[in-house]
Amino acid sequence: MLRVPVHKIQPGMVLARPIPVPNTPYRFLLQRDREIPMDLVPRLKQLGVLEVWVRERHLEFLEELIDEELGDHQREVYWNVRKNFEAIGHNPAMQLDVERFQKSVGDLFVFLKESSCGSVLLQKLDAFDNYLLSHSANVCYLSLLLGLKLERYLIGERSAKQPREAKDLRELGLGCLLHDVGKMRIAPAILNKPGKLTPEEIEVMRMHPVFGYEQVKGRVSATVGQVVLNHHQRYDGRGYPARIDQATGERLAPLAGRRIPIFCRIATVCDVYDAATTKRCYHGAKLPVQVLFEMREFCSGMFDPVVERAFYEIIPPFPLGQTVKLSTGAEAVVTDFNPRRPVSPKVQCTRQANGETVADPSLEEMDLALYPDVDIVEVDGVDVRPFLACQRVNEELSEALAL
Ligand SMILES: [Fe+2]
Ligand SMILES: [Fe+2]
């Protein structure tokens, strides 16, 4: 099967995965094996569906890699948050339904731990119209993936706990699900402002971790509360909120480095990535390859280096099933992710440089790591060459492996 952006749907394309009804779990706009009617396309765009999976005879093996149950769990998490946040929106006296969140985060954690889906990012929830909710569900999912990758590090960083408890990620997932809950107390005029925020408005926005902490305090564990309070705290000590001595009212030195709880350090990386790859009122969605480039280039010192390195090992710059253009002029589909050479995955050519369709792409498989002269140069009309340089080889990882 093939990932197809909604604006590239062609007559005759047949669904390999059902299209879920955005905002509603267990209901689908169109079932698998159905041809996509072209008059559905404007509706999909309107609902915020960004891409669909369509049948491709030679790429059936991707169907086994991309587990459908993952989407069910992601939508379940999303749906629970949506119901509860909306109820609070109508009636601020309503409480957060922490027990329900705990259950769905726990189910997602167990699913990822036990399935092969837990090794790399396969699909984010994009098909939703509410940024705060889909972002919360995505950061939760990403944090669980990253936490699973960091099990050994977690045992060391949480050494006061038994190893089994140290690598239990339920509190991480819950903290990430709730990390921006304080934004519900920010005026929509500031929260959804399309233009640049004024310095005063930035100050208001920066209150959201404290607002969120006040909302969850006493209802969740201290570990979960820490994630909500400190998800904007940077590894180099920058970030917010400021720490104030409760007794004297004096400003304390900021948390920095490994003094920042490890779950907060994980949340920070996932939060930055998801915010940048999601369409917002003030910027469009960016490609993963661009966001990963920007994180490496411009976020120096912001992240725990161990966490950051692990993140680059689980997030493919070019998602599986995506159609790309190669520097040879050929068109290809991404079929694998190589964490050591992130921008040089395996691909199968589907169209030759001369425009001819390849009859059997599986016979035209190329491991780009073995072809240093061939690059992916374009994705969905975007020239990606400027984003390749620093990602060509995952240098730190290669160094670590060489030692
Ligand atoms: Fe935040
Ligand atoms: Fe966030």
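**View 1. Strands β7 and β8 pair in the antiparallel sense.** Strand β7 covers residues 323–326 and strand β8 covers residues 331–334. They are joined over 3 bridges. Two strands pair if DSSP finds at least two bridges between them. Helices (H or I, at least four residues) and strands (E, at least two) are DSSP runs, numbered from the N terminus. Lysine 325 stands opposite glutamate 331 in β8. Threonine 323 has valine 333 of β8 as its bridge partner. The hairpin of β7 and β8 has 4 residues between the strands. There, glycine 329 takes a positive phi near 95°.

This is a predicted model: local features need pLDDT of at least 70, side-chain atom pairs count only at pLDDT 80 or more, and totals for chains, interfaces and linings use all residues. Residues are numbered from 1 along each chain as its sequence is written, chains are lettered from A and ligands numbered from 1 in the order in which they are written, and side-chain values use heavy atoms, with hydrogens and water left out.

**View 2. Strand β8 also pairs with β9.** Strand β9 covers residues 346–351. It runs antiparallel to β8, and 4 bridges join the two. In β9, glutamine 348 is the bridge partner of valine 333. Step back, and 6 strands form an open sheet. Their order is β10-β9-β8-β7-β11-β12, and the pairing is antiparallel. At the edges stand β10 (365–367) and β12 (382–383). Each has a single partner strand, so one side of each is left without a neighbour in the sheet. In a regular strand the side chains alternate between the two faces of the sheet.

**View 3. Four protein residues hold the iron ion (ligand 2).** Its protein donors are His135 (NE2), His179 (NE2), Asp180 (OD) and Asp271 (OD). They lie 2.2 to 2.3 Å from the ion. Donors are N, O and S atoms within 2.8 Å of the metal (3.2 Å for Na, K and Ca); water is not among the atoms, so sites may look incomplete. Along the chain, the donors follow the spacing H-x43-H-D-x90-D. The angles among the 4 donor atoms run from 79 to 175°, and the site is irregular. Four donors count as tetrahedral if all angles lie between 85 and 135 degrees; four count as square planar and six as octahedral if opposite donors are over 155 degrees apart and all others between 65 and 115; anything else is irregular. Histidine 179 is buried, with a relative accessible area of 1%. Buried means under 20% relative accessible area, exposed over 50%, and partly exposed in between (1.4 Å probe, protein chains only).

**View 4. Aspartate 180 bridges the iron ion (ligand 1) and the iron ion (ligand 2).** The two ions lie 3.6 Å apart. The iron ion (ligand 1) is coordinated by Asp180 (OD), His208 (NE2), His231 (NE2) and His232 (NE2). The distances are 2.1 to 2.2 Å. Its donors follow the spacing D-x27-H-x22-H-H along the chain. The angles among its 4 donor atoms are 86 to 176°, and this site is irregular. Aspartate 180 and histidine 232 link distant parts of the chain, 52 residues apart. Aspartate 180 sits in the loop between α8 (170–177) and α9 (188–191). Histidine 232 sits in the loop between α12 (222–230) and β5 (243–244). Both aspartate 180 and histidine 232 are buried. For aspartate 180, the relative accessibility is 2%.

**View 5. Helix α8 is largely enclosed by the rest of the structure.** Of its 8 residues, 6 are buried. They are Leu172, Gly173, Leu174, Gly175, Cys176 and Leu177. These buried residues pack against α3 (68–90), α4 (98–114), α5 (131–149), α12 and α13 (262–277). Contact means heavy atoms within 4.5 Å.

**View 6. The whole structure has 0 disulfides.** A disulfide is a pair of cysteine sulfur atoms within 2.5 Å. Cysteine 264 is in no disulfide. Its nearest cysteine sulfur, that of cysteine 176, is 8.8 Å away. Cysteine 264 is buried at 1% relative accessibility. Cysteine 349 is buried too, with a relative accessible area of 6%.

**View 7. The protein has 16 helices and 12 strands.** Buried residues make up 52% of its 403 residues. The C-alpha atoms fill a box of roughly 75 × 55 × 45 Å, taken along the principal axes. Among contacts between residues at least 6 apart in sequence, 64% join residues at least 24 apart.
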